[in-house]
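Hi,

Here's the structure I promised to pass on.

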Amino acid sequence: MAGVYIHIPFCEKKCIYCEFYSITNQSLKEEFIASLQKEIYLFTQIHNKKNDIIETIYIGGGTPSLLDISDVEKIISAIYDNFDTTNLKEITIECNPGSNFIGKLPDYRKIGINRISIGVQSLIPEELTFLGRIHTKEEALTSIESAINYFDNVSVDIIFSLPNQTISSLQTTLNQLTNYEISHISAYSLIYEEGTPLFFELSKGKIQPKNEDEDYELYKLIFSTLEKFGFEHYEVSNFAKPGYKSLHNLGYWEHKEYFGFGPSAHSFFNKIRTWNVRNLNKYLKLLKQNLLPIESKEDITPDKYIIEKIMLSLRAQGLTIHQLQSEFGIDLFSLSNALLLQWEESGKAKIQDGKIKLTSEGYFICDKLTIDLLDAINIPLK
């Protein structure tokens, strides 16, 4: 069982914080779609993945909602043609308010999409301006309202810990979102990625980022508010109503295989991770030569595989103790019992039914807890 990720590299405008590969020149859109179809075919032939079972498809970017319906249909058809989709459960497309996708919603349903992810980020006009978003608060709310008229499974992304964000402004955004029957919310702390305009502003001293305590207060507001409205905090940045966890993202956190297509997309299969070239022209050129557009690859060593298994499990559904013992011969209780008890007593984790699951407070310091556990079981983080 695997997931398929499609990276659409087009945006109307680059947001100041975004590190994902995208370009504003859409003149090569038609050639890109044809090359993407070719990449999917070549991948399945070269890696003998024809008819591998696919559970989820995620069309991200970039701004996939800029594509015509016919283009989205071609992408989905290429996946159906080259993989076994009899067990396909979820097809997600990312949509940005301001990209004029509302009229496409009924067509999305017709071609099999059953989950919409909307990049709202904030409902405060000043915060939207700071982030460089092309939509207004009103357009965001209209997008949400329209999406839930057609889809049961609607997810919304928000960003917190903006330099001038306050408890009050974040609460305003959360209050407005919870007025709607949204099934899933992803909340990401603002990251100052090197190479972005945001990072440049930071390096010039023009922006004062939140400190860790301020970041935590905003994070705590999110999980405490959403839990009151019936959302389960099931991963560091993700909250879902019952039955609406992101199946595609769960695949990543459960260390399942995934196949990525499009410039900069990553794949993970056969204990190897590969990533595509981060340049559309180079991507197109390689596919013209019938070559997969691979930039590089990484063999996942046994130690690295264990580290990833522990890290991904802790940040999501929890670490199953007997699985670690049976797969890797690691007895967590004998190696780290004192540490695990400390986590439980401090409210950072719950240990029950043979599983270690972090609480919302534990999620906030997930990276530190992961490092501490790896130290306790004598696996150095490399």
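Before the notes, one term: a residue is buried when its relative accessible area is under 20%, exposed when it is over 50%, and partly exposed in between (1.4 Å probe, protein chains only). Helices (H or I, at least four residues) and strands (E, at least two) are DSSP runs, numbered from the N terminus.

Keep in mind that this is a predicted model: local features need pLDDT of at least 70, side-chain atom pairs count only at pLDDT 80 or more, and totals for chains, interfaces and linings use all residues. Residues are numbered from 1 along each chain as its sequence is written, and side-chain values use heavy atoms, with hydrogens and water left out.

Let's start with helix α10, residues 280–288, where Leu-280, Tyr-283, Leu-284, Leu-286 and Leu-287 are buried. Looking down the axis of α10, these fall within an arc of 165° and so line one face of the helix (the arc is taken from the directions from the helix axis to the C-beta atoms). They pack against α1 (29–46) and β11 (272–276), where contact means heavy atoms within 4.5 Å. Over on the other side, Asn-281, Lys-285 and Lys-288 are exposed. After α10 comes Asn-290, with a positive phi near 60°.

Now find Ser-65, in the loop between β2 (54–61) and α2 (69–82). Ser-65 counts as buried because its relative accessibility is 0%. Leaving aside neighbours within four places in sequence, Ser-65 touches residues including Glu-94, Cys-95, Phe-101 and Tyr-108.
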